[in-house]
Amino acid sequence: MTNSAQPPINAAPPAIVLVEPQLGENIGSAARVMLNFGLVDLRLVAPRDGWPNPAAETLSAGAFDAGVGVSQFDQLSDAIADRKMVFATTARPRGMQKPIFAPHQATERIRSSGQATAILFGGEKSGLSNDDIAFADGILTYAVNPSFSSLNLAQAVGVFASTWAAKSDLPLSFSEPLDPPAPRIDVIRMLEHFEKELDRAGFFFPPEKTSLMQNNLRNALIRANWTEQEVRTFRGAIKALAIGRGAARIDRDQS
C-alpha cells in the first residue's frame with residue numbers, strides 16, 4: 001500500500017525565474033550553480049542588458065551548453081504562465097498574508113504536490129517588488145544573520161538549489177568506502193606494546209597510579225576505531241621511538 005503523504009521521488013525540478021536581473025555575470029553564475037544541483041530551467045524577466053549576454057557565458061563555466069536552458073520574457077506573468085505553484089524569495093517582510101517557507105519546507109511542498117513550480121528571485125538592486133510577490137503562493141526566505149542579510153543573486157539561487165539537491169537522488173560527488181575496524185586482538189596488542197614502551201621510559205609514575213593511567217590511555221585510544229593499517233602504522237611509530245630512545249642512550253653511555 002502506497003503512503004500518499006510520501007513526496008514523489010522524481011518530482012519535476014522547479015523553474016528558476018530571475019526578475020529584472022542586472023548583471024550578466026550573475027545570470028551565468030546562477031546557471032552554473034543550478035546545473036551543479038540538477039536544475040536546468042532558467043527564466044529571465046526583462047534582463048537589463050538583454051539576452052544573450054557574453055558576460056553570462058563567461059561566468060557560467062559552460063552550464064548553458066551542458067544543459068541549462070534559458071527563456072526570456074518581457075513580464076513576470078508570462079514567465080510563470082505554465083506554473084501551478086510559485087514561491088517568491090525575499091529577505092524582508094512585505095506585509096502580505098502569505099505562508100512563509102524555509103528552503104527545505106518549500107522543497108518538501110514542491111515534491112509532495114508534484115506540481116510545476118517556479119522560484120522567483122529579484123534583481124540585484126532591490127529584489128522582488130511587492131507586485132511580483134503578489135503572484136506567489138508563498139514566500140521563501142532563508143535563516144540568515146539578522147544583522148547582515150545580504151546574499152548575491154547567484155548565491156541566493158545556490159542556497160535553494162543545494163537544498164533541492166539534498167532532497168533528490170543526486171549522488172555525492174565522490175564516496176570512498178571506509179576500511180573495516182581492526183580485530184580487537186590487534187588493538188589490544190598495540191596497546192600492550194605502547195604501554196610496555198611507556199613503562200620502559202618511566203611514564204607510569206607513581207607506580208600506584210599505573211592502572212588508572214593505563215585505563216585513561218586505553219579509553220582514549222579505543223575511541224579511535226582503528227583500522228588494521230592504522231594499527232600497523234602506530235606500532236611502527238612506537239618501534240621507531242623505542243629504537244631512537246635506545247640509540248640516544250647508547251650515545252650518552254659512550255660520551
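1. T163 is buried because its relative accessible area is 18%. The cut-offs are these: buried means under 20% relative accessible area, exposed over 50%, and partly exposed in between, with a 1.4 Å probe and protein chains only. T163 sits in helix α7. Leaving out residues up to four places away in sequence, T163 touches P103, H104 and T107. A contact here means heavy atoms within 4.5 Å.

2. Some ground rules. This is a predicted model, in which local features need pLDDT of at least 70, side-chain atom pairs count only at pLDDT 80 or more, and totals for chains, interfaces and linings use all residues. Residues are numbered from 1 along each chain as its sequence is written, and side-chain values use heavy atoms, leaving out hydrogens and water.

3. The protein chain has ten helices and seven strands. Both are DSSP runs numbered from the N terminus: helices are H or I with at least four residues, strands E with at least two. Of the 255 residues, 35% are buried. Among contacts with a separation of 6 or more, 84% join residues 24 or more positions apart.

4. The seven strands form an open sheet in the order β3-β2-β1-β6-β4-β7-β5, with parallel pairing. Two strands count as paired if DSSP finds at least two bridges between them. β3 (69-73) and β5 (100-101) stand at the edges; each has a single partner strand, so one side of each lacks a neighbour in the sheet. β1 and β2 run parallel, joined by four bridges. I16 has L42 as its bridge partner in β2.

5. How many residues of strand β4 (residues 85-89) are buried? Five of its five. M85, F87 and T89 point one way, V86 and A88 the other way. In a regular strand the side chains alternate between the two faces of the sheet. β4 pairs in parallel with β6 (residues 117-121) over four bridges, and A88 stands opposite L120 there. With β7 (residues 138-140), β4 makes three parallel bridges; F87 is partnered by G138.

6. The largest nonpolar core has 30 residues. Such a core is a set of buried Ala, Val, Leu, Ile, Met, Phe, Trp, Tyr and Cys residues joined through side-chain atoms within 4.5 Å. I16, L18, L42, F121 and F160 have the most contacts inside this core. Elements that give it two or more residues include β1 (15-19), α1 (24-36), β2 (41-45), β4 and α5 (103-113). α7 gives the most, with seven residues. Apart from this core lies another, of 14 residues, among them V17, A79, I133 and I139.

7. Look at F160 in detail. Not counting residues up to four places away in sequence, F160 touches P14, I16, L39, T107, I110, I119, F121, L140 and Y142. T107 is also a contact of T163.

8. Now the surface. The protein chain exposes about 15,500 Å², of which carbon and sulfur atoms supply 53%. These areas come from the Shrake-Rupley method with a 1.4 Å probe; for residues, only the protein chains shown count as cover. V144, L151 and V159 make a nonpolar patch of about 210 Å². Patch residues have over 30% relative accessible area and no salt bridge; like charges are joined within 9 Å, and nonpolar side chains (Val, Leu, Ile, Met, Phe, Trp, Tyr) within 5 Å. A salt bridge is a Lys or Arg side-chain nitrogen within 4 Å of an Asp or Glu carboxyl oxygen. V159 lies in α7 (residues 153-166). V159 counts as partly exposed because its relative accessibility is 32%.
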